[in-house]
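This report describes a predicted model of a complex.

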Amino acid sequence: MTDKQILEWKNRFAVIGAWLVAILFFFPIFWMVLTSFKTELQAIAIPPLLVFEPTLDNYTLIQERTDYTQYAWSSVVTSLGGTALAMLIAIPSAYAMAFSPTRRTKDILLWMLSTKMLPAVGVLLPIYLLSQKLGLLDTKIVLVVIYALINLPIIMMILFNYFREIPKEILEASRMDGTSTWNEITQIVMPLAWGGIASTALLSVVLCWNEAFWAINLTSSEAGTLAALVASFSSPEGLFWSKLSAVATLACAPIVVFGWLCQKQLVQGLTFGAVK
Amino acid sequence: MNRTLVRLLQAPSIIVLLMWMIVPLSMTIYFSLIRYNLLYPERTGFVGLSNYEFFVTDAAFPPAVWNTLILVGSVLCISVVLGLAIAILIDRPFLGRGIVRVMLISPFFIMPTVNALVWKNMMMNPIYGLFAVVAHTIGAEPIDWLTVYPLLSVIIIVSWQWTPFAILIFMTSLQSQDQEQKEAATLDGAGFWAQFWNLTLPHLARPIAIVLMIQMIFHLSIFAEIFVTTSGGPGTASTNIAYLIYAQALLQFDVGVASAGGVFAVILANIVAIFLIRAVGKNLMV
Amino acid sequence: MKYLRTTALGMMLSMSAISFKVAVADEITIATVNNGHMIEMQKLTPKFEEANPGITVKWVTLDEGTLRSRVTTDITTKGGQFDVMTIGMYEAPIWGSRDWLEPLEFGAEYDVDDILPAMRDGLSHDGKLYAAPFYGESSMIMYRKDLLDAAGMTMPDNPSWGHVKDAAAAMTDRDAGQYGICLRGKPGWGDNMAFLTTMANSFGGKWFNEDWTPDLDSPAWNHAVNFYVDLLTAYGPPGSAGNSFNEILALMNEGKCGMWIDATIAASFVTNPSQSKVADKMAFAQSPQAITTRGANWLWAWALAVPSGTQKKADAMKFMEWATSKEYIELVAETNGWAAVPTGTRQSTYDNPKFKEAATFDEAELKAILSADPSNSTQDKTPYIGVQFAAIPEFQAIGTAVGQQMTAALAGDISVEEALENAQAAADREMRKAGYY
């Protein structure tokens, strides 16, 4: 075999390996979706059924029992709202820190990250009491604010890293031309960092969408997100796996599809050290 | 840019996070020093550090600290090593690469509770879980994952969710690697490992640092995965600090002790963070 | 600039979508668990809304653990999120004694005396009823008559634990994936400890002595837990340490278990042919006894209560009355047949010939419920109320910590003696901290 042939074979093995790994990683999701089309009895059949007569009963049942669109709307509003609020606060700050770093910049960033380390369950009561006093229990506002706050440190850190990749010379040149700071941000920094900003926002949306603890503990009938809907389908009495699979599929589908669609954007944006 | 403007631009984030820090955290610190059990509203008063004492003298406390560290450490290792390997594996054009990529990153978009439920009921269940079925097919005795290897099971579940995140970051970073440099290295006869150590790894230093940092923050307070699968057991085999605080806050409703636990968790997190920054921080900032 | 504008637009859009919650005067919010009977109640709610124009009902459904923490946080902080709460027999007397719940008074047509006395007692404090039972349950043996017959054995109505062990041994066929007995093992005061407490009760054990010191280091607990671990290790399915109601229900319905001792409500699931492969092979007996029948079967009710201080008290009471009335039971019977009605609450249900005809388990269930007495459930005298729990605020935490130890013993990580020692220490610590002694 020539070297070229060896290389070809290596490549072929790598491709097969990649496919195998991909299938392995995706399998639980596939299985969940498959289970959602089974009856409860089929869902626990031994050995598991791969071929069966699919039923839509679980989905109709969910539609009967709950208002899916209300939960989905809550999820959309709180994830987008929380992300938008956090980005609005983070962009100027990260910009300032990246382009005019001081000796304390690093400490400030670390301190910001440390605010994210308090386990949610440890601060549940303070937040619960505060929201109650402010009349914000079971509103989307309280989730928007909390999502913005819990994601802010991570957003700050990622944005800071992007902004630092932007060559300072470009800015200095524009400053020579007398560009105002505002124009500097909007016309030079934003377009250059756009990929990074967009993918950071996408990441934040994903994290907000999947957040369950606050969504379950601070909402009741009005502002519950899809994570709360999922919680309402697990049951201590009676079989619920295929129903749960169906509701989980419904809850995850929007964000997974969103992630797939934005994959290119994510891929372009999350290149640390690539804007050079 | 003048100094005032810099301050002004930084101000919002610092102020809101300061408020987020001060208000709940100072409330937490305050609660940690008083007698405060939701079920006994009539019992009040300053108790000094006895809530802390109660929290750290719990028999479940030492294993919880240990489990927390093991959990963070192993998930970080698994997701970075596996993430790197897979990212390098798919860093070449091939048929269906787009689909493979989509399949690989999908687990990251799944809710943690759903993830845990799927693994518990459909994968790891010793009777009708798929692992058991595979074991039966090859004639082996099925393993009761969540009972026999509770912590390992949680690590697997969490890694399944977060390795895709590492893959995502690494694969995007790899694309920006200088191909000419690589080709030149290949022509010079540098083998795969030589290229990996001398070119790829330095190129990925910062992405790795970022992945480690972000994941560490999330893994220190893993809760949903444990709550859904093992409830911290058997015994205390899979109890971590976050779960221990949960038991105080929402089973015992002892806000005082739970708050003391929360404060402890912040301290522990910062200690871990300092070590991590020593190790990878140089790549992270400045 | 374009990007900035899009961002700003997006912000505005999402902000406008956030509306402050406006309290609607005649809207009541009900917190409940995702159990079959509750789902039925949600489906039938339009009938209530029709009969009471102006009242609309909003539901918040959660899993049991989350529901418990949500309603407890809400009621103790006066959060006012819920107008009707689904609570259990554990919470009702504790919360009632704290005046967190509205005491209930009913008109003559509600016929409060029709509610089974055990249920009424368990949901009362100082003679005042604080929650109305929606459905109730005890525990009993559900077994595969076909397998037992094949083994040439019978099941008496009041078997002993020794007999149960023999039967389990006779029905076990590991190679065929057939396990003689399935029992709860998943840690939790409402999971493995509910069952284990009834078992310990029948072995003469109890949670607390008269001076409130925990009794987990007694020989009775030692016998009971050793018996339990040996039994499940020898004749139980793999993965018992993770099994609770649902997991075992799935096993039972798949035909993997010979016997199952659990909530009477399970009887309606395992005899339902649309869910169960063994629906026509099931038979029932009372919970096994060791040295006493006292406390050998548990008593539980899911009940509806109205938190004190709700502004919608009248509407909330109206709903609670409707959902726990005789008429509601008849409504369910009309819609889904008598086999599907919520049971365990009213004598009139068990007197109804149509129900007796539809349900094969009615006699065993009623007998179990009537024989449970929360205030007299142990061999020796105790200071607490409750069969499978002690109705004190500390019990949730204690029961869960002890449950963890029992699971560890079942999994074989530690010995039974070690587990009970740890459990005793944990319980003692909590009781000391709470100031009992």
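## Domain organisation of chain A

Chain A is divided into two parts: domain 1 covers residues 3–57, and domain 2 covers residues 66–269. Taken over C-alpha atoms, the centres of domain 1 of chain A and domain 2 of chain A are separated by 32 Å.

## Contact between the two domains

Where domain 1 of chain A meets domain 2 of chain A, nine residues of domain 1 are in contact with seven residues of domain 2. On the domain 1 side, the elements that give two or more residues are helix H1 (3–35) and helix H2 (40–43) of chain A. The largest share of this side comes from H1(A), with three residues.

By class, the side of domain 1 of chain A that touches domain 2 of chain A consists of four nonpolar, three polar and two charged residues.

## Confidence in chain C

Chain C has a mean pLDDT of 89, and 94% of its residues reach 70 or more. Residues 1–5 of chain C have pLDDT below 50; this stretch has five contacts in the model beyond near neighbours in sequence.

In chain C, the pLDDT is also below 50 over residues 11–22. Beyond near neighbours in sequence, the stretch 11–22 of chain C has 17 contacts in the model.

## Confidence in the complex

For the complex, the predictor gives an ipTM of 0.87. The pTM that the predictor gives for the complex is 0.88.

Note on methods. Residues numbered from 1 in each chain as written. Chains lettered and ligands numbered in written order. Predicted model: local features only at pLDDT ≥ 70, side-chain atom pairs only at ≥ 80, totals over all residues. Domains from an automatic or database assignment. Helix = DSSP H or I, 4+ residues; strand = E, 2+ residues; numbered from the N terminus. Nonpolar A, V, L, I, M, F, W, Y, C, P; charged D, E, K, R; others polar. pLDDT = per-residue confidence, 0-100.
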